[in-house]
Amino acid sequence: MVINADAQELAALRSLSANIGRDPHLTQAAGGNTSLKAGDTLWIKASGTWLKNALTEDIMVPVAIPPLLRAVEQRDPAADQPQGFAIEDLNTRRLRPSIETTVHALMPQRVVLHVHCVDTISLAVQADCEAQIAKRLDGLEWAYVPYRRPGLPLAQGIAERLRPGVDVLILANHGLVVAAETVAGAEALLRRVTRLLARPPREVAEPDIAALTAFIGKTGYRLPADREAHAVAIDPESCRMASGGSLYPDHVIFLGKGSVVARPGEDVLRVTERCGTAPVAILFPGLGVLIRGDASAGADAMQRCLADVTARVDVAAKLNYLTAAENDELINWDAEQYRQKLNAAGG
C-alpha cells in the first residue's frame, strides 16, 4: 500500500510522467518509463501504456523488489518476465510491469526516470558517444552502458557499469536514465542533463504534400500524423543515416528493420513490389514520408522520432546500427509483442 509521503510522491511522479509523455523530444508512444520505490515495492509504468496518460489512467504497477533483484543477481531468466514479480493484490488492472523494470530496480535511488530523449539518442548511436558525453557531462556522476537488449540483458549491462553515486546512465542506441531521491530532484536532474546534451537539428525544406498525395491514390498509404516526420526523407544526410539500418529498439518494434527508401522513379506500388511486402513507412527522398494506413499511433510517433534523431546526428559521425541478430531478437521477443499489441490502438 502507498501511504502518506509515498502517496504524495507517487502523485507528483504521475504529474511529471504526463508532462514527459507529452514531449515528443523526451519520449514517444509507449516508450520511456518512470518509477518510485516505496519500501520493498517498486511502482513502475505498465508495459504498453503511454506516459502522457499518467493522470487519466492507472498505469502504475506494483512490483516486489527483493525477489526481482535476487533473480537479476542469479541471472535467472525469470527476471526477464517482470510480471511474475507484480504484487497482484494491488495490480487492479492486471497490467504487466514495464520491460525495463529490472533497470529501475537496480538503481538505488527512490525515483527513476527513463526517457528516449532524441538529443541523447542522437549521441548514443554515434561510435564516439562516450567521448562526446564525457565533454558534456563533466562534473556529473554518469555511466555509459553499451547496447544490450532491453530487459535482463540491459540490467546485467548496467550492473557491470554501476558505481556508487552514479545517478545518470547513457544507454547506447537507446536513451537516458536519471535517478534521485525525490520526484523534484529527478525532474531537476533530467532538465539539467537534457540541457547539457541538447543539439540543434539541421533545418530542412517543407515536404511536397502535393507529390506525396499523388502517390497515395488507392494504395492504402497516408501522410504521417506529424508534419515533422517528413524531415528524415527531405534532408539528404538524415535519409542516408536512416537507410543504413535500425538505430534503436523502438524503431524496430514499431516500424520494422531499418527504413525503406524509394529509389528514383519508384512510386508506392513499385516499392512494395520490390520489397515483397507493404512497409510500415516509405521515405521518398526530397519529398517526404508516407505511412501505411493501418499503422498504429506508435508507428507515427516513432517515424517522427527518427526524423528528430537523425536531424541531430553529426553528419561526419560513424554510426553504430543494431546488428541483424539484435533486430531479430527484438522482433521475436514476447515482451515486445505484448507491448505492440497493447499499443496498437494508440494513446
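Into which domains is the protein chain divided? There are two entries to note: domain 1 (4-197) and domain 2 (209-346), with bounds that come from an automatic or database domain assignment. Before going on, this is a predicted model, where local features need pLDDT of at least 70 and side-chain atom pairs count only at pLDDT 80 or more, while totals for chains, interfaces and linings use all residues. Residues are numbered from 1 along each chain as its sequence is written, and side-chain values use heavy atoms, with hydrogens and water left out.

The C-alpha centres of domain 1 and domain 2 are 26 Å apart. Their contact, meaning heavy atoms within 4.5 Å, takes 29 residues from domain 1 and 32 residues from domain 2.

Now the helix pair. Helices here are DSSP runs (H or I, at least four residues), numbered from the N terminus. The axes of helix 1 (residues 4-21) and helix 7 (residues 183-197) come within 9 Å and cross at roughly 25 degrees; axes are lines fitted to C-alpha atoms over the stretch in contact, and angles run from 0 to 180 degrees between N-to-C directions. Helix 1 is therefore roughly parallel to helix 7, a label for angles under 35 degrees. Helix 1 contributes Glu-9, Ala-12, Leu-13, Leu-16 and Ile-20 to the contact, and helix 7 contributes Val-183, Glu-187, Leu-190 and Arg-191. By class that is 6 nonpolar, no polar and 3 charged. Ala, Val, Leu, Ile, Met, Phe, Trp, Tyr, Cys and Pro count as nonpolar, Asp, Glu, Lys and Arg as charged, and the others, Gly among them, as polar.

Next, pockets. On a 1 Å grid over the protein atoms alone, using a 1.4 Å probe, a pocket is an open set of points with protein on both sides within 12 Å along at least five of seven lines, and lining residues have an atom within 4 Å of a point. The largest pocket is lined by 18 residues, with Arg-202, Val-204, Glu-228, Ala-231 and Asp-308 nearest its centre. Its lining has 8 nonpolar, 2 polar and 8 charged residues. Helix 13 gives the largest share, 3 residues.

The second largest pocket has 14 lining residues, and Gly-21, Ala-29, Trp-50, Lys-52 and Ala-301 lie nearest its centre. Both domain 1 and domain 2 give residues to this lining, so the second largest pocket lies between them.

Key: Helices (H or I, at least four residues) and strands (E, at least two) are DSSP runs, numbered from the N terminus. Angles under 35 degrees count as roughly parallel, over 145 as roughly antiparallel, 65 to 115 as roughly perpendicular and the rest as oblique.
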